[in-house]
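Reader: I have a model open and would like to learn how to read its features one at a time. Please give the general idea before each case.

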Amino acid sequence: MSIEVISSSKTYNQFKALDHVSLKVETGELVSLLGPSGCGKTTLLRVIAGIETPDLDSGPVLFDGRDVSSYDVGNRRIGFVFQSYALFKHMSVFENIAFGLRAKPWRQRQGESKIREKVRELLQLVQLQNFAERYPAQLSGGQRQRVALARALAVEPKVLLLDEPFGALDATVRHELRRWLRKLQSQIHVTTILVTHDQEEALEVSDRVAVMNKGRIEQIAPPETIYNHPATPFVFKFLGTYNLFHARKQNGGAAGPSNGGGETFVRPHDIEISRENPDGSGIAARVSHIAFAGSTVNVELTRIDDQAVVDAALSTHTYKDLGLRPDDKVFIRLHNTRSFDHEHVI
Amino acid sequence: MLAENAHILRVSGKPGAQGRIFVRRLSIAITVTFLTLFVIIPAVNVFGQAFSKGIDAYVGAFVGPSQPAEGTKLSLSERRKLNTQRGQVEKNWHAIRLTLGVAAIVVPLNIVFGFAAAWSVTKFRFFGRAVLVALIDLPFSVSPVIAGLIYVLLFGRTGVLGDWATHLTWPDPFSFHWKGFTDGWWPLEFTQSYTGIIFTPFAIVLASIFVTFPFVARSLISLMETQGSDEEVAALSLGASGWRTFWNVTVPNVKWALLYGVILCTARAFGEFGAVSVVSGHIDSNDTMPLRIEKLWNEYNNQAAFSVASLLALVAVFTLVLQLVADRQSGNDALRRPKN
């Protein structure tokens, strides 16, 4: 089912959580809403779910072209998954998953054997066949979230809405569940919206990513486009660490941006460090600090001309080949620079 | 809590450990002494006094003197004594019945109010919410005597609603009985009725509601605030009705806190003196147990007073045990909430 939000706003005590946001998600697509806390991503999700009512001047929410604005959360056929899992503590895993099936009006309710069969299927889907009789308190965080997902899927929702589903889990489990979710989504092909503040997560699992800031969507595009061609400085900044070069300063070489009055951003891993400067294009800098960070080595440099700090990330191989030491004098070159005009700068 | 802290103190490092041990012992000693002096000794004394004239006298407060054997000649004074004793027993039982009856009305109302208040305050954000929360605490800060006076000033003869209230006639629930299908299709009727509100059991119920209404609301609010409403929203999103969500999700989550509130509310409804005393008008038929105890005491019938008091003390002991259980369980409910 496709989802369309048209010009939705939500104001809490004069705070604009959503500012005329429009969004279209195609059938079977997985779209992430990515942004810092307070950017309105959860509010947008809750408006789509029907948990929050948007402001009066908002446009409608359409499911498959049909206006569902007047439907409450129970009638929109959505599956909602919370960061806090929101499992029913006093019910077993089995009963949790069966809840939606048992809660149906009796005319639509299936027989007990049908319900059991369905729950068993779902338990298999989330790989928790042996945990049916456990209680939520006896499960790990990852297992709880899988139960929550199975519970949401039990009522065969047309839309899956995930509110920071992996936010409370540790990094390894998060990685694992992320992959699993991607697989699951391609398997059951349900339209999914995922809210997250984790760039890596959004880029890895989504068909498209919507980067949000201050109640607005800054850019919505496939992950590669978002990363390689960010539309605004905010998107660039939010997607990773960066170095900022002001254009008005003469950079002492061709590496500086050509247009005046703008700003140039460069990712740390797009900074090349070399010991020689044969063509004069490098910027002279001094190594001020070296930090080992697992797969990469983060090198902090100070430019010799204006004492600005530049962060570079090297692979361990490059680092070894260069044999860098603190206080070494080197030359840096910028690759994949990205410039924005001042009017875009927030 | 105490045990936890003691543990922390025990494992703390050597420097200053002597001083900490001293503080620990001193604080525990003060607490124990205090409780012994002001709670344990008086409580034990209640039972001691109640049984001071033997078990027969204790039972005598609740069971009237046995009928003298057929043909026994009794002197006038003996007969009068017998009648007084029967009257006392009858009054004691009346007080017990009234107290239970009042609690039976007050506690369910309290549960309904408590849920309504807790639900509105914790699940919604609206203008005046903070004021509402503060108002719920009001009875804790107002003297019960004032609570009683409020109703006298409202419903009394010269009160704001005095004209209406003093002429209000309402049936006595205790007189509700089966009369059979002798005339008409309705087989039940009230045989007695009251007129007015003040100085009737109606006022006692009102005063008791006033002094007890924070109990259930308070214990529910604090728990529901920490639990949030994610589970309810999840249930609703799965298509459950509001009714089903309430009974299958909300109530199980707060049942121990609810029990805790109900226990405190019941104990207070049984034991309230000040507010009830003001609105009862010191009429014998309006005596609840605490009022009855006071009257017995004023009549120099100390042993009987303590006998009735011992019943309230037993309720207190029972409450204490239940409270310990409910407190621990409701603490678990709060802890079992997954961390964000």
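Reader: Is Phe199(B) buried or exposed, and why?

Author: A residue is buried if 20 or more other C-beta atoms lie within 10 Å of its own, exposed if 12 or fewer, and partly exposed in between, with C-beta atoms placed from the backbone. Phe199(B) has 21 C-beta neighbours inside 10 Å, so Phe199(B) counts as buried. This is a predicted model, in which local features need pLDDT of at least 70 and side-chain atom pairs count only at pLDDT 80 or more, while totals for chains, interfaces and linings use all residues. Residues are numbered from 1 along each chain as its sequence is written, and chains are lettered from A and ligands numbered from 1 in the order in which they are written.

Reader: Where is Phe199(B) placed, and what is its phi?

Author: Most residues other than glycine have a negative phi. Phe199(B) has a positive phi, near 65°. Its place is the loop between strand E4 (193-195) and helix H9 (201-212) of chain B; helices (H or I, at least four residues) and strands (E, at least two) are DSSP runs, numbered from the N terminus.

Reader: What is the phi of Gln307(A), and is Gln307(A) buried or exposed?

Author: Gln307(A) is not a glycine, yet its phi is positive, about 60°. Gln307(A) lies in the loop between strand E15 (296-303) and strand E16 (309-315) of chain A. Gln307(A) counts as exposed because it has 9 C-beta neighbours inside 10 Å.

Reader: How should I read the sheet that contains E2(A) and E5(A), and which strands are at its edges?

Author: Strands of a sheet pair through backbone hydrogen bonds, either parallel or antiparallel. Here, two strands pair if DSSP finds at least two bridges between them. The order E2-E1-E4-E5 in chain A makes an open sheet of four strands with antiparallel pairing. Strand E2 (15-25) and strand E5 (66-67) of chain A are at the edges with a single partner strand each, so one side of each has no neighbour in the sheet. E5(A) is joined by two bridges to strand E4 (residues 61-63) of chain A, and Phe63(A) stands opposite Arg66(A) in E5(A).

Reader: Which helix packs on that sheet?

Author: Helix H1 (residues 41-49) of chain A does, touching strand E1 (3-12), E2 and E4 of chain A. The direction of H1(A) makes about 120° with that of E1(A); axes are lines fitted to C-alpha atoms, for helices over the stretch in contact, and angles run from 0 to 180 degrees between N-to-C directions.

Reader: What do the strands E9(A) and E10(A) form?

Author: They form a hairpin with two residues between them, and Lys214(A) in the turn has a positive phi of about 50°. Five bridges join strand E9 (residues 208-213) to strand E10 (residues 216-221) of chain A, running antiparallel. Asn213(A) is opposite Arg216(A) in E10(A).

Reader: What is the order of the sheet of three strands?

Author: The order is E11-E12-E18 in chain A, an open sheet with antiparallel pairing. Strand E11 (243-246) and strand E18 (338-340) of chain A are the edges, each with a single partner strand, so one side of each is left without a neighbour in the sheet. The twist from one strand to the next averages 25°. E11(A) is joined by four bridges to strand E12 (residues 263-266) of chain A, with His246(A) opposite Glu263(A) in E12(A).

Reader: Which residues have the most contacts inside the largest nonpolar core?

Author: A nonpolar core is a set of buried Ala, Val, Leu, Ile, Met, Phe, Trp, Tyr and Cys residues joined through C-beta atoms within 7 Å. The largest has 94 residues, and Ile48(A), Ile97(A), Leu161(A) and Ile332(A) have the most contacts inside it. Helix H4 (residues 141-154) of chain A gives this core its largest share, seven residues. A second, separate core of 64 residues includes Tyr58(B), Ile204(B), Ile221(B) and Ala304(B).

Reader: How many residues of each chain take part in the contact between chain A and chain B?

Author: Two residues are in contact if their C-beta atoms, placed from the backbone, lie within 7 Å. The contact takes 22 residues from chain A and 18 residues from chain B. On the side of chain B that touches chain A, helix H11 (230-237) and helix H12 (242-271) of chain B give two or more residues. H11(B) gives the most, seven residues.

Reader: Where does pLDDT stay under 50 in chain A?

Author: pLDDT is the predictor's confidence in each residue, from 0 to 100. Where pLDDT is low, the predicted coordinates should not be read in detail. In chain A it stays under 50 over residues 249-260. Chain A averages a pLDDT of 88, and 94% of the residues score at least 70.
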